[in-house]
Amino acid sequence: MNSYSFETVFRICEQGDNVAIALKRLDAGTVIPDVSGETWTLGHTVLEGHRVALNRIKAGSPLISWGLPFGLAEQEIQAGEYVCNQVMLDALSQRTIDFELPESPNFNDQRIPFTLDESKFVPAPQVDPVDSTVTFMGYDRGEVRGVGTRNYVLLLAMTSESAAFVRQLAARFNDRFQGDSGFDGVVAGAHTEGGENSRPNNLDLLLRTLAGFVVHSNVGAVLIVDSPAAFVGKDRFEDYLRAHKYPVDEVPHTWFQLNASFSNSLVQAEPLVEKLVHQAKKKGRTAQPLKHLKVALQCGGSDAFSGVSGNPLAGWLAKELIQNGGSANLGETSELIGAEPYVLHRVRNLETARKFLKTVERFDEMAAWHGHSAEGNPSGGNLFRGLYNISIKSIGAARKKDPQVRLDYVIEYGEPMNVGGYYFMDSPGNDLESIAGQVASGCNLVLFVTGNGSITNFPFAPTLKIVTTSDRYRLLSGDMDINAGRYLDDISMEDLGAECFDLMVDTASGKRSVGEMAGHSQLQIWRDWPQNSPELLSQIHNRPIPKGDPICMDTLISPDEVTESTAVAAFAEAPSQGSLGLILPTSLCSGQVSQMIADRLNQEFENSDRPDGIKRFTALPHTEGCGVARGSSEELFVRTRCGYLMHPLVGRALLLEHGCEKTHHDEFRIYLKKYGVPEGRYGWASIQLDGGIQKVITKVLEWFDQPVESLHCSETFANPLSVGFLIGGEICNAQVDLCNRIVVTLHREGGTAVIPSGSPLLNQTDFILNGVAKQDTLDYGEKFIKNGVHIMSNPSPHLLETQTGLAATGVHVILVFNSSGVRLAAHPLVPIVQVGKSVESDPGMSPDIVLGDGTDPVDIFWSRISTIVRGDSIPETMVSGNTDFQISRGYTGFSL
């Protein structure tokens with residue numbers, strides 16, 4: 001039986017609280033003398049960061065932490081009792097744990113409404129300025145643009161259509177500027193937004209964000225890349241820049257439109273980038289006052305100690321900066337719900353207080369359009385490490401505003417910060433999406449607080465990662481910049497803050513952060529939301545669930561039809577075992593590391609035969625898995641990712657988790673178990689729990705080096721040849737005829753055809769399914785189990801998202817007809833075969849099959865399929881690097 005003194009194992013956040021935080025795991029039976037002299041014996045194991053009652057809490061009374069309520073007791077809670085709600089118990093029940101959980105919750109998440117008493121409102125003064133001579137070495141971009149902490153050439157994709165292009169173009173400059181002290185490099189501004197050829201719901205914030213990137217003080221020059229048919233094109237964007245008086249003429253910039261093929265466009269753009277680099281290099285660093293430093297205050301992978309050590313440290317640094325004339329920007333609207341009394345304790349004026357509350361109310365309303373509330377925000381990592389609900393998470397997150405600092409301004413996502421002070425910017429709790437808005441607002445350095453150990457970085461603004469506990473810092477010291485856990489151990493906030501302030505100034509002056517040295521970064525703009533009102537919610541929730549049974553084709557196909565010989569050969573070539581190695585990131589934050597590993601494996605085994613038969617490695621970086629609402633959109637995500645794990649082209653697969661996401665390893669284990677798939681078939685690695693980036697890379701490489709003949713992922717999921725059909729725009733009679741002949745052959749030979757719902761093909765009177773009831777037989781991204789002709793539910797008008805869902809169903813290849821004008825990148829795992837009317841009519845397409853050239857397109861198709869499934873050829877789009885991947889969020893996906 002263990003025994004500890006109270007102060008060594010518990011922390012009380014604020015005098016008057018009735019709960020305390022456990023500083024370490026405490027097993028059931030542990031004996032602890034409490035602050036009143038009584039002795040507790042813990043009835044249940046209490047995890048690090050979780051809370052126990054300090055004294056008896058009556059039923060119906062609030063639970064208090066940091067002086068604010070975060071729930072109501074369902075029953076009387078005794079002193080020393082583990083406090084827990086249903087959401088936390090549900091989350092822990094999915095985890096692999098070695099102790100018994102309480103049988104039922106003892107408090108609920110009732111949200112305490114906040115009402116501003118305007119009659120008692122008193123404007124607050126800001127912290128007193130200091131007379132300081134402290135400066136940082138920055139890039140002076142002029143009075144309007146401000147001063148940069150870095151000097152990059154930005155390759156900005158205006159929409160997701162040009163995302164793959166700017167990534168490949170930036171890669172051509174990866175190693176050219178190492179050791180160049182006056183220039184930081186060429187970076188890609190790739191993102192997921194604006195890829196439709198119609199107006200997106202997030203158009204205003206998208207244009208505002210892109211405009212903020214173009215004129216950002218860390219950008220020495222910019223190449224702005226658009227596509228001819230994009231709704232968000234050059235004319236619309238340039239009009240926006242001029243109308244809103246962004247100083248674009250002060251930025252060396254070039255517009256570039258993707259009119260040629262992918263490869264030719266890369267060749268054309270490279271000298272333009274070289275010219276922009278030459279222009280950016282003309283600017284050097286000079287001493288600048290701290291009023292030009294603008295910091296983004298962020299948190300991700302938060303834990304119970306974020307509000308005790310890390311967030312207060314970030315708030316202290318922001319206070320010191322504001323006293324020196326600088327600016328701080330607090331984001332994540334959903335993560336301040338429940339902390340309104342603290343945030344509005346000190347405010348510049350009544351108008352600002354009202355605007356803050358209206359912004360929170362608007363965010364709540366938008367979430368409700370999709371059937372969600374801010375309660376869906378906490379991730380699995382949050383819940384596992386003691387953040388029971390949005391209220392307790394928000395109360396800790398608000399500590400990034402120091403108690404002495406007042407709130408000066410409330411701004412929209414990406415709205416410019418024109419004067420010094422403390423800002424709140426509307427944004428979701430998805431930290432990557434929030435950071436993009438803060439940078440667009442002008443932030444030139446990011447202070448990122450993390451409890452679990454988030455590794456994210458922004459492409460052209462340095463990020464200082466502040467970890468909340470010393471144990472987590474020791475585990476991830478190679479990926480963290482600051483150990484705020486020292487405040488919990490033995491150092492005052494003032495002394496720790498002074499050290500970190502010096503580091504912040506040094507980083508602004510060019511000292512590279514740990515993340516910059518690691519060489520990975522991510523950019524994600526606040527993703528578009530599908531609903532503008534709650535009107536369709538009932539219809540969405542009541543839609544029929546696909547059952548997985550293919551469409552009956554018996555009366556549609558003549559038994560006398562003969563299968564083409566080329567098709568027979570193609571079916572014979574269908575592999576019984578996959579030849580691809582897949583590193584599957586379980587969330588957005590592990591995406592770049594998974595790509596780094598895949599690239600390394602491909603380099604190591606280029607032109608060599610592996611004993612496991614793997615010919616190529618791929619990763620599937622994406623934007624999901626955290627910071628998005630629970631429910632159907634999360635189910636869609638997990639289902640789609642598991643579709644790739646069970647894909648017949650995949651020979652071996654490893655899941656790489658970040659460690660604090662909603663969709664952690666155990667959630668995938670539960671889903672795979674439904675299919676009867678043993679978890680030992682896959683590799684499992686965690687960036688945070690395995691000790692950081694370098695250690696997890698070593699672990700993954702070692703796993704793929706092991707001989708695992710019995711673990712080939714696709715042996716259970718091998719199936720006869722299967723084809724997905726993707727149609728963008730109008731389709732002609734010759735294309736319909738080609739589809740008919742392929743579908744008939746697939747059905748006759750026991751193969752599978754998958755067509756997304758809403759496809760123009762399904763509306764053609766000459767298509768073989770005309771007249772048949774066309775109900776969805778598969779959900780988006782669902783792996784088909786029964787062969788035949790399927791219709792996949794498709795909630796997205798976005799071609800790339802449709803392609804991503806189609807590929808997850810398990811098809812060997814996707815046949816693409818695209819006359820929409822939208823440039824579609826290839827899939828990184830599943831080959832696509834493009835059909836064009838002529839080479840001249842599709843200059844940016846590189847079609848594999850051209851109709852009307854005198855050859856039989858069906859013979860060409862089956863011959864092409866034979867070489868692809870054998871692995872003898874790789875489509876040109878894959879070779880050129882023109883690949884992309886984007887998962888739909890479904891009908892109700894909303895960033896929280």
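The model is predicted: local features need pLDDT of at least 70, side-chain atom pairs count only at pLDDT 80 or more, and totals for chains, interfaces and linings use all residues. Residues are numbered from 1 along each chain as its sequence is written, and side-chain values use heavy atoms, leaving out hydrogens and water.

**Overall build**

- The protein chain has 26 helices and 32 strands. These are DSSP runs numbered from the N terminus, with at least four residues (H or I) for helices and at least two (E) for strands.
- The radius of gyration, taken over C-alpha atoms, is compared with a globule rule of 2.2 Å times the number of residues to the power 0.38. The chain comes to 28 Å, close to the 29 Å that the rule gives for 896 residues, so it is as compact as a globular protein of that length.
- Along the principal axes, the C-alpha atoms fill a box of roughly 90 × 65 × 55 Å.
- Of the 896 residues, 62% count as buried. Buried means under 20% relative accessible area, exposed over 50%, and partly exposed in between, with a 1.4 Å probe and protein chains only.

**A seven-stranded sheet**

- Seven strands form an open sheet with parallel pairing, in the order β18-β19-β17-β16-β20-β21-β22. Two strands pair if DSSP finds at least two bridges between them.
- β18 (409-411) and β22 (482-483) are the edge strands; each has a single partner strand, so one side of each is left without a neighbour in the sheet.
- Strands β17 (residues 327-330) and β19 (residues 421-425) run parallel and are joined by four bridges. Asparagine 329 has tyrosine 423 in β19 as its bridge partner.
- Helix α15 (residues 493-508) packs on the sheet and touches β16 (294-299), β20 (445-450), β21 (463-467) and β22. Its direction makes about 140 degrees with that of β20. Axes are lines fitted to C-alpha atoms, for helices over the stretch in contact, and angles run from 0 to 180 degrees between N-to-C directions.
- Helix α9 (residues 350-369) lies across β18 and β19, at about 35 degrees to β18.

**Cysteines**

- The structure holds zero disulfides, a disulfide being a pair of cysteine sulfur atoms within 2.5 Å.
- Cysteine 660 is in no disulfide; its nearest cysteine sulfur, that of cysteine 626, is 5.9 Å away. Cysteine 660 is buried, at 4% relative accessibility.
- Cysteine 732 is partly exposed, at 23% relative accessibility. Its sulfur is 9.4 Å from the closest cysteine sulfur, in cysteine 739, too far for a bond.

Technical notes
Contact = heavy atoms within 4.5 Å.
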